[in-house]
Amino acid sequence: MTGNHKDTSITRRRALAVTGGTVAAGGLAVAGYRSAFADTTTGTEATTGAATGTGTAATASASSATGTCMTLMSSVTEGPYYLDGALVRKDITEGKSGIPLTLRLTVVDATDGCTPVPGAAVEIWHCDAWGYYSGYTTANPGGSAPAESEDGSTADDNTYLRGYQIANANGVVKFETIFPGWYTPRTCHIHLKVHTGGEKEDGTYEGGKVNHTGQLFFTDDIAQEVFTLEPYAKHSGTYTKLDDDMVYDGGGAAGGLLTLKPVKKADPSRGYKGTLTLGVDPDAENSGAGSGGGGTPPGDAPTGTAPTGTPPTGTPPSGAPTASAAASS
């Protein structure tokens, strides 16, 4: 019932499997995944997510042709799980199991009539189906979940579910990934940064500056339905809804709420397509501190869960890039 993408260039876990590591058996369905999400890029992409809320409310349209443009996206914390050196690539799954998710994000200049920002580098990172981040695979996600090493994938513990894409002439980037899981005390989300002024070098993105640090969010009804499916269902506990999340500001699209479309309405296991227009200021520089508190992990959480104001204490695998510590998850 789950999607499983393969990246044969990263094989740390494959070596472990050969020497006795756990390997999950069984096929993972991805029928219709790529064909359903064929690219249909246009000049600027309308954002159909809700745009109500406080402070950062925006119009749902982001069309320079009509003269309307959404306000700047809300900047929020990068969280404690950020790692430098993510790879430039479209598919970031590395074989991680989960419901397929294609993200199509359009970067526009909110200070100039929502004109596209070609060459902008969009960087995303998020947890796997059980709430674990690459680089922090021993950090406990709260509730009850199998150890991250039990997922049986070939993913590299330093790099899975992280990556960059460079915007085309229309400001569009596209990622293939999986629907993220959850961890205490956060709702389901994806982290992102928008960079400009740098360039691709040695397989990653170097130089320039960060214009925007944000997070992408998912409606409760879709997230909770996905979490009843495998492998998500193996992580039990209390899921934080959008209204109770300390980072999501209720601003709809301007607050990072994705518009989601199922590949097949009657079968959520077939995956989703998520779209959003990112209204940024290409001249601005964002520190990544952002807003939103990290919250306090459950009192019975074992060592490895990050308390407010500190990075996770789970030990990254040998050779992992240096983590950037931020104020909250």
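Is Lys 193 buried or exposed? I looked this up before anything else. Lys 193 counts as buried, because its relative accessibility is 3%; the cut-offs are under 20% relative accessible area for buried, over 50% for exposed and partly exposed in between, with a 1.4 Å probe and protein chains only.

**Basis.** I am working on a predicted model, in which local features need pLDDT of at least 70 and side-chain atom pairs count only at pLDDT 80 or more, while totals for chains, interfaces and linings use all residues. Residues are numbered from 1 along each chain as its sequence is written, and side-chain values use heavy atoms, with hydrogens and water left out.

**Overall make-up.** I find 3 helices and 13 strands in the protein chain. These are DSSP runs numbered from the N terminus, H or I of at least four residues for helices and E of at least two for strands. Of the 329 residues in the protein chain, 54% are buried. I also looked up the contacts (heavy atoms within 4.5 Å). Among those with a separation of 6 or more, 79% are between residues 24 or more positions apart.

**Lys 193.** I place Lys 193 in strand β9. Its contacts, leaving aside residues up to four places away in sequence, include Glu 78, Tyr 82, Glu 123, Trp 125, Val 210 and Thr 213. Val 210 is 17 residues away along the chain, with 6.7 Å between the two C-alpha atoms. The side chains of Lys 193 and Thr 213 make a polar contact at 3.4 Å. For that term I use a pair of N or O atoms within 3.5 Å; within protein, one must be able to donate a hydrogen and the other to accept it, and residues adjacent in sequence count only if both atoms are side-chain atoms. Lys 193 also lies over the face of Tyr 82, 4.9 Å from the ring centre. A charge sits over a ring if NZ of Lys or CZ of Arg is within 6 Å of the ring centre and within 35 degrees of the ring normal. I noted another such case, Lys 96 over the face of Tyr 160, at 4.2 Å from the ring centre.

**His 191.** His 191 is also placed in strand β9. With 1% relative accessibility, His 191 counts as buried. I find a polar side-chain atom of His 191 at 3.3 Å from the backbone oxygen of Glu 78. The His 191 side chain is joined to that of Tyr 133 by a polar contact of 3.3 Å.

**Cores.** Which residues touch the most other members of the largest nonpolar core? I get Phe 179, Leu 216, Phe 227 and Leu 278, in a core of 43 residues. Such a core is a set of buried Ala, Val, Leu, Ile, Met, Phe, Trp, Tyr and Cys residues joined through side-chain atoms within 4.5 Å. Elements that each supply at least two residues of this core include β4 (100–109), β9 (189–201), α3 (220–226) and β12 (272–280). A second, separate core has 14 residues, among them Leu 83, Ala 86, Cys 127 and Tyr 183. I then listed the contacts of Leu 216 beyond four places in sequence; they include Leu 103, Cys 188, Ile 190, Leu 258 and Leu 278.

**Rings.** I count 12 aromatic pairs in the structure. Rings of Phe, Tyr and Trp (its six-membered ring) pair if their centres lie within 6.5 Å; planes under 30 degrees apart count as stacked, over 60 as edge-to-face and the rest as tilted. One cluster linked by ring pairs holds Phe 179, Phe 218, Phe 227, Tyr 232, Tyr 239 and Tyr 272.

**Cysteines.** I searched the whole structure for disulfides (cysteine sulfur atoms within 2.5 Å) and found 0. For Cys 127, the nearest cysteine sulfur is that of Cys 188, 6.9 Å away. Cys 127 is buried at 1% relative accessibility, and Cys 188 is buried at 0% relative accessible area.

**Asp 220.** I find Asp 220 in helix α3. Its relative accessible area is 19%, so Asp 220 is buried. The Asp 220 side chain reaches the backbone nitrogen of Leu 242 at 3.0 Å. These two residues are 22 apart in sequence, and their C-alpha atoms are 6.6 Å apart. Asp 220 also touches Thr 187, Tyr 239 and Lys 241.

**Ser 74.** Ser 74 lies in the loop between α2 (33–36) and β2 (82–83). I list Ser 74 as buried, because its relative accessible area is 12%. Its side chain makes a polar contact of 2.8 Å with the side chain of Asp 249.
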